[in-house]
Amino acid sequence: MRDSQRLVDTVKRELKRQGKTYADLCVVLDLSHASVKRLFAQGPFTLVRLEAVCQYLGTDLLSMMRQAEAERSKLNALTLEQESELVADERLLCVAHALLNRWSFEEIIQTYEICEHECIRLMAKLDRMRIIELRPNNHYRLLVSRGFRWLSNGPIQQFFEHQVQADFFNSSFNSADQKRVFVSTMLSDASLQKAIEGMDKLVDEINAMHVEDESLPKGARRGVSFVLAARPWETPIFSRLRRT
């Protein structure tokens, strides 16, 4: 992610934290609502406009830049060893998943069959793994970035493929809060690359929504999983019919 985009994302998070909206910035920036929305989504964001937004938020551009720099120093991915350690202990993986979704200590022990002592032990282990920074009274700070992703074909993804995937797809996907689409088509290499870039953009948008919803109580959020995949492929039923 570019530094400029990281700075804009930091400003967006501060807007969300203060309960401010793009509509509130229309007067500040002397722009229409559509223009403000497009500015945050596409740019270009001038320094003058950034300073005006920061002043409206009761801060300054330098403070926003420091926050953006702090975010950049966080991990974008774990090491192979860290992921392997998580997969080897399902209770550790459960707690790590909850913390990555900003659950509190109390929410974890109320939701899962994990006692206070064990939860503290598991959080301490995640602290030693440098995934979180454990703080007094069982509070913590995440040491992974908001754009964090699991390793491609790493232990976590393999765990999903071997143990979770069958259960995930054991659904009709017919309700209003579910969606499954299978598209088989013919594309050029350039079009395929464009489609893959679109998938990357969608993942970024999902991560941004995750950040926006962090301030909501846990009861107003629920676990949602997305599977996005694309590759040159033909079903074996057809490939077996191909002439050699």
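**Salt bridges, a helix crossing and a nonpolar patch**

Glu-118 counts as buried, because its relative accessibility is 15% (buried means under 20% relative accessible area, exposed over 50%, and partly exposed in between, with a 1.4 Å probe and protein chains only). The structure is a predicted model, in which local features need pLDDT of at least 70 and side-chain atom pairs count only at pLDDT 80 or more, while totals for chains, interfaces and linings use all residues. Residues are numbered from 1 along each chain as its sequence is written, and side-chain values use heavy atoms, with hydrogens and water left out.

Glu-118 forms a salt bridge with Arg-91, at 2.8 Å from N to O (a salt bridge is a side-chain nitrogen of Lys or Arg within 4 Å of a carboxyl oxygen of Asp or Glu). Glu-118 belongs to helix 9 (residues 116-128) and Arg-91 to helix 7 (residues 90-100), so the pair ties together parts that are 27 residues apart in sequence. Helices are DSSP runs (H or I, at least four residues), numbered from the N terminus. With a relative accessible area of 32%, Arg-91 is partly exposed.

Arg-121 also meets Glu-118 in a salt bridge, here at 3.6 Å from N to O. Both residues lie in helix 9, three residues apart, about one turn of the helix. Arg-121 counts as partly exposed at 41% relative accessibility.

Another salt bridge joins Arg-222 to Asp-177, with the closest N and O atoms 3.1 Å apart. This pair links distant parts of the chain, 45 residues apart: Arg-222 is in the loop between helix 11 and helix 12, and Asp-177 in the loop between helix 10 (155-168) and helix 11. Arg-222 is exposed at 61% relative accessibility, whereas Asp-177 is partly exposed at 48%. Salt bridges with shared partners join Arg-91, Glu-118 and Arg-121 into one network. The whole structure holds seven salt bridges.

Elsewhere, the axes of helix 2 (residues 22-29) and helix 3 (residues 33-42) come within 8 Å and cross at roughly 100°. The two helices are therefore roughly perpendicular to each other (angles of 65 to 115 degrees count as such). Their contact (heavy atoms within 4.5 Å) involves residues including Leu-25 and Cys-26 of helix 2 and Val-36 and Phe-40 of helix 3.

Finally, Phe-226 is found in the loop between helix 11 (189-212) and helix 12 (236-239), and counts as exposed at 52% relative accessibility. Together with Leu-202, Val-224 and Leu-228, Phe-226 makes a nonpolar surface patch of about 370 Å². Patches are made of residues with over 30% relative accessible area and no salt bridge, nonpolar side chains (Val, Leu, Ile, Met, Phe, Trp, Tyr) being joined within 5 Å and like charges within 9 Å.

Notes. Areas by Shrake-Rupley, 256 points an atom, 1.4 Å probe, with all protein chains shown as cover. Axes fitted to C-alpha atoms, helices over the stretch in contact; angles between N-to-C directions. Parallel < 35°, antiparallel > 145°, perpendicular 65-115°, else oblique.
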